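Visitor: I'd like to look inside this protein. Can you show it to me?
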Amino acid sequence: MEPLPQRRSVRYSGYDYSGAGYYALTICARDKAHLFGTLPPDGPLLPSLLGQAVLAELAALPTNYPTVRLDTWMVMPNHLHLILALTRNQAVAVSQVVGGFKSRCYRRWRQGEPAAGQAAPPSCWQRNYHERIIRDAAELDAHRRYIHANPSRW
């Protein structure tokens, strides 16, 4: 039996991702499929069942994680951008928030899919996520502008 390939972490070695602060995240759909809905040229996202689950779980993040604040977010057809604010050191790590969020979205979607007559695939998420540690107010403002302008670049 061949050994499994070693995956290289994309996180900063030695950085504490449970530290209070702002984090810009991008979470993608599996195979970059347009699973979250459609985006008309001059309108907001028309969410699919999975898109509705994503929106509901985004709204529930502060309830599920009381030390997490959702600063800015945008759901696109095949990915979502968000800025998380961890408000207390060592209360929860970014990876725990993202993992729990992905699981709850998928579970909610699977519960709705049989009623819609469609079989859910084994996963709706790309493995992992992209993150950026936001270090100052100028960088935070730049990420907010990028997220809000994302639909116009679609």
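Predicted model: local features only at pLDDT ≥ 70, side-chain atom pairs only at ≥ 80, totals over all residues.
Visitor: What volume does the largest cavity have?
Guide: About 40 Å³. A cavity here is a set of points on a 1 Å grid over the protein atoms alone where a 1.4 Å probe fits but cannot get out. The volume is the space filled by probe spheres set on the points, which are joined across faces, edges and corners.
Visitor: Which residues line the largest cavity?
Guide: L25, I27, L61, L82, L84, V97, V98 and F101, each with an atom within 4 Å of a point.
Visitor: And which element gives the most to that lining?
Guide: α2, with 3 residues. Helices (H or I, at least four residues) and strands (E, at least two) are DSSP runs, numbered from the N terminus.
Visitor: Switching topic: which residues touch the most other members of the largest nonpolar core?
Guide: V54, L58, L61, L80, L82, F101 and W125, out of 39 residues. Such a core joins buried (under 20% relative accessible area, 1.4 Å probe, protein chains only) Ala, Val, Leu, Ile, Met, Phe, Trp, Tyr and Cys residues through side-chain atoms within 4.5 Å. To this core, α2 gives the most, with 7 residues.
Visitor: What is F101 in contact with?
Guide: Leaving aside neighbours within four places in sequence, F101 is in contact (heavy atoms within 4.5 Å) with I27, V54, E57, L58, L61, L80 and W125.

Methods. Residues numbered from 1 in each chain as written. Heavy atoms only, no water. 1 Å grid on protein atoms, 1.4 Å probe; cavity = no way out; pocket = protein on both sides within 12 Å on 5 of 7 lines; lining within 4 Å. Buried < 20%, exposed > 50% of the residue type's maximum accessible area, 1.4 Å probe, protein only.
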